[in-house]
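Me: I have a structure open and would like to go through it with you. Could we take it one question at a time?

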Amino acid sequence: MSDISREMEAALVDSVSRTMEDMAFEQIEQLSEADAKAILEAPQMGNFDGENSYAGLGEGLMCLPQSNEQIWAALNLIDPIQGEIIIEVPQGYAAMMTESLFGPADDPYAEDLLRDALAEVLNTLAGLFVKALIPSSREYSLGFPATGTGSSPNLQPGAKTWYFDLSGQIMTVTMSIGEFGEFNLGAVTQREVIS
Amino acid sequence: MFQTIIIADDSATARMVTKRCLEIAGYQQAIFLEARNGAEALEIAKKSAADLLVTDLNMPEMDGTTLLKRIKASPRTTDLPVLVVSSLSNPAKEAELLALGAFAVLSKPISPAVIAGILGKLMEQPQWGQL
């Protein structure tokens, strides 16, 4: 396991910002862990209200899935940087992001589409991250994103987590870097792997 | 202006992002034909009157590189301009794709301004400017 350098951290934060701005049309703000936990623990903020909408997400979102479970996407960095990145958002935010891309829908978006949106966000930001750190002529490769709902796969010891504010919702990005970058794929065999 | 555009990507989200970029770039009247992999895109290209293909590289069944080779190898589709959009591009791969006949290789995330600029250059080419 390698330490995450300041250069890597800056590249990751910039990649997340650029991806969310370009794909999800969302200005994001990095938060400290303490601020993120304060938001997560605050009542009403980002919690599903149990009826028809999400607190804090405004009106017009009645069609969104009625659950505030976390959706995650995970991807291996294969070459020349080995490691893994996991992003995690509340399902309500994934639905809002999907709606901003696909437009309003009468019925809730299928969970597959929410996962696909998150996987594409991760794929894009991972590409930006690696490209920021390697010579422009260097080839690189990434794994295919895996996605799931609920608990995300455990990363290697030494992983670091960053927190971002997305319109009052919290997105976490967790990364570990090391020569043994494969997360335990055996743990995700029951989950969908987007090809 | 391009009127029928094939978008090939295994991610529905990526197809939608590309479509929205094209719409914002001035192609809101275009007909968009979506393919989930290279094989589907090739079939659509052979059977439709598409005048532009925008494809991802990393796709199941048939990847973007193979799709590009097949498109350029077929007399029926060899003139179809191809834009490659990928998060896996690098100068060596870009050179390979351009040598195979891609008009341009764009890195994700794409923006309407970038795609409008590329399509503007494409329209200046004599073989495609009459579209």
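Me: How many residues of chain A are in contact with chain B, and with how many residues there?
Reply: In this predicted model, 24 residues of chain A contact 19 residues of chain B.

Me: What area is buried between chain A and chain B?
Reply: The buried area is about 1,900 Å², and carbon and sulfur atoms give 56% of that area.

Me: How many salt bridges are counted between chain A and chain B?
Reply: The count is one salt bridge. Glu120(A) forms it with Lys108(B), and the closest N and O atoms are 2.7 Å apart.

Me: And how many residue pairs are in polar contact across the interface?
Reply: Seven residue pairs are found in polar contact across the interface of chain A and chain B, counting pairs with both residues at pLDDT 80 or more.

Me: Which elements of chain A give two or more residues to the side that touches chain B?
Reply: These elements are H1, helix H3 (91-102), helix H4 (111-133) and strand S4 (141-142) of chain A. H4(A) provides the largest share of that side, with nine residues. By class, the side of chain A that touches chain B has 10 nonpolar, eight polar and six charged residues.

Me: Let me pick one residue. Where does Met23(A) lie, and is it buried or exposed?
Reply: Met23(A) lies in helix H1 of chain A, which covers residues 6-23. Met23(A) counts as buried because its relative accessibility is 4%, and the cut-off for buried is under 20%.

Me: What does Met23(A) touch, leaving out residues up to four places away in sequence?
Reply: In chain A, Met23(A) touches Leu101(A), Glu120(A), Val121(A) and Thr124(A). In chain B, Met23(A) touches Thr13(B), Val17(B) and Pro109(B). Glu120(A) is also the residue that forms the salt bridge with Lys108(B).

Me: New topic: which residues are buried in helix H3 of chain B?
Reply: In that helix, residues 64-73, the buried residues are Gly64(B), Thr65(B), Leu67(B), Leu68(B), Ile71(B) and Lys72(B). They lie on the same side of H3(B), because they cover an arc of only 160° around the axis.

Me: What do the buried residues of H3(B) pack against?
Reply: They pack against strand S1 (4-8), helix H2 (38-47), strand S3 (52-55), strand S4 (82-86) and helix H4 (91-100) of chain B.

Me: Which residue caps the N-terminal end of H3(B)?
Reply: Asp63(B) caps that end, with a side-chain oxygen 3.3 Å from the backbone nitrogen of Thr65(B). Thr65(B) is also one of the buried residues of H3(B).

Conventions. Residues numbered from 1 in each chain as written. Chains lettered and ligands numbered in written order. Predicted model: local features only at pLDDT ≥ 70, side-chain atom pairs only at ≥ 80, totals over all residues. Heavy atoms only, no water. Helix = DSSP H or I, 4+ residues; strand = E, 2+ residues; numbered from the N terminus. Buried < 20%, exposed > 50% of the residue type's maximum accessible area, 1.4 Å probe, protein only. Contact = heavy atoms within 4.5 Å. Buried area = accessible area lost by both parts, 1.4 Å probe. Salt bridge = Lys/Arg side-chain N within 4 Å of Asp/Glu carboxyl O. Polar contact = N/O pair within 3.5 Å; in protein donor to acceptor, adjacent residues only side chain to side chain. Nonpolar A, V, L, I, M, F, W, Y, C, P; charged D, E, K, R; others polar. Arc of directions from axis to C-beta.
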